[in-house]
Amino acid sequence: MEIPTSLLLNAIVAGLLLGGFYASVSLGISISFGMLDVVNIAHPAFIILGSYIAYIVNSQFGFDPILVALALSPLFFLLGMALYRVYYLCFEKRGQESLRGLAFFFGILFITEVVLILVFGVDYRTVQTVYSETTLRLGVVDFPLRLVVPFLVSMVMVVSVQLLLTRTFFGRAVLAVAQDALALRLMGVNPVRIKELAFALSIATAGVAGAFLIVIQPVQPSIGREYIGLVFAVCVLGGMGSIWGTLLAAFVLGLAETFTSTFFGPSWAPAVSFGLLLLTLAFRPSGLFGR
């Protein structure tokens with residue numbers, strides 16, 4: 001059966017736009033898990049929290065949710081600093097970060113979801129923007145702005161984080177802290193402080209990604225659990241700690257899910273991320289850009 005060209009082109013564009021969003025939601029995990037060895041399974045909870053904060057401000061004042069998230073990202077940064085400090089003092093400092101630390105983050109995920117359910121209920125919430133219902137058409141290809149705008153801002157965020165990690169002393173310290181914390185300490189740098197700031201950066205990116213999510217689709221508190229497997233799949237597929245690898249893996253996953261939904265049905269799409277994760281672990285454990 002011949003596939004219509006318009007259907008194929010639209011699937012490719014939709015997959016790339018979706019991949020840009022996946023890069024933003026996985027960026028923080030690439031930092032915390034890929035670089036710092038902190039298995040923050042609660043990462044999706046901060047994405048959903050960012051969605052609801054954007055929803056509150058948008059519904060009350062009409063401000064664009066993405067601009068709200070960018071303006072409030074310093075608050076998520078401070079929240080990340082406080083969270084890592086608790087994690088370090090209670091678990092990492094005692095060498096108990098493996099199992100008990102995982103339970104700590106799972107508890108945060110659960111508590112955040114319960115609090116959001118108690119406050120907002122289980123109904124889906126959405127936002128209104130000037131571009132939500134606008135679609136640009138180029139030939140036979142559609143470009144819905146509710147996907148295009150988050151994609152563009154996501155690309156800026158990914159490139160900015162990459163430049164921060166490669167062109168600054170702080171970034172080089174982050175890249176070094178997971179490899180040899182003792183050598184970093186001998187150079188007069190406090191590895192705990194570096195990890196605290198880097199973890200805070202990962203939470204700040206999650207808050208911004210939450211605004212992308214609620215622009216793209218309606219959200220409800222438990223939807224964050226759907227992204228647990230996805231963010232770790234992107235991180236592992238791209239290569240632990242590689243920002244460019246995360247971006248490439250996000251595009252691969254976005255295209256794979258879109259093609260699956262288009263040609264085999266949307267019910268198969270959620271299995272794609274776990275399938276790619278298993279294949280990566282089996283045939284290329286280091287990921288696409290792994291060292």
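Which residues lie nearest the centre of the second largest pocket? In this predicted model, where local features need pLDDT of at least 70 and side-chain atom pairs count only at pLDDT 80 or more, totals for chains, interfaces and linings use all residues. Residues are numbered from 1 along each chain as its sequence is written, and side-chain values use heavy atoms, with hydrogens and water left out.

The second largest pocket is lined by 12 residues, and those nearest its centre are L36, E92, V177, A181 and K195. A pocket is taken here as an open set of points on a 1 Å grid over the protein atoms alone, with protein on both sides within 12 Å along at least five of seven lines, whereas a cavity is a set of points where a 1.4 Å probe fits but cannot get out; lining residues have an atom within 4 Å of a point. The volume of the second largest pocket is about 190 Å³, a volume being the space filled by probe spheres set on grid points that are joined across faces, edges and corners. Two or more of its lining residues come from each of α7 (181-186) and α8, and α8 gives the most, with 3 residues. By class, this lining divides into 7 nonpolar, no polar and 5 charged residues, where Ala, Val, Leu, Ile, Met, Phe, Trp, Tyr, Cys and Pro count as nonpolar, Asp, Glu, Lys and Arg as charged, and the others, Gly among them, as polar.

The largest pocket has a volume of about 590 Å³ and a lining of 27 residues, with L18, Y22, Q217, E257 and A269 nearest its centre. The elements that give two or more residues to this lining are α1 (5-32), β2 (141-144), α8 (191-216), α9 (228-238), α10 (243-264) and α11 (270-283). Among the elements, α1 gives the most, with 8 residues, and the lining as a whole divides into 17 nonpolar, 7 polar and 3 charged residues.

The largest cavity has a volume of about 50 Å³ and is lined by P44, A45, I48, L109, T112, E113, L116, P221 and G224. At least two residues of this lining are supplied by each of α2 (43-61) and α4 (99-120), and the largest share, 4 residues, comes from α4. The lining of the largest cavity comprises 6 nonpolar, 2 polar and 1 charged residues.

For the fold as a whole, the protein chain has 11 helices and 2 strands, these being DSSP runs numbered from the N terminus, with helices (H or I) of at least four residues and strands (E) of at least two. From the N terminus on, the elements follow the order α-α-α-α-β-β-α-α-α-α-α-α-α. The radius of gyration is 19 Å, which agrees with the value near 19 Å for a compact globule of 291 residues; this radius is taken over C-alpha atoms, and the globule rule is 2.2 Å times the number of residues to the power 0.38. Taken along the principal axes, the C-alpha atoms fill a box of roughly 60 × 45 × 35 Å. Of the 291 residues, 53% count as buried, where buried means under 20% relative accessible area, exposed over 50%, and partly exposed in between (1.4 Å probe, protein chains only). Among contacts with a separation of 6 or more, 77% are accounted for by residues 24 or more positions apart, contact meaning heavy atoms within 4.5 Å.

The largest nonpolar core holds 89 residues, of which F21, Y22, V25, L36, F105, F199 and L230 touch the most other members, and α8 gives the most to this core, with 15 residues. Such a core is a set of buried Ala, Val, Leu, Ile, Met, Phe, Trp, Tyr and Cys residues joined through side-chain atoms within 4.5 Å. Apart from neighbours within four places in sequence, L230 is in contact with Y22, V25, S26, L253, E257 and S273.

Two further residues illustrate the packing of individual helices. T246 lies in helix α10 and counts as buried because its relative accessibility is 1%; with neighbours within four places in sequence left aside, T246 is in contact with A23, S26, L27, S30, V234 and G238. L7, placed in helix α1, is partly exposed, since its relative accessible area is 37%. Not counting residues up to four places away in sequence, L7 touches T262 and F263, whereas the C-alpha atoms of L7 and D64, 57 residues apart along the chain, are separated by 31 Å.
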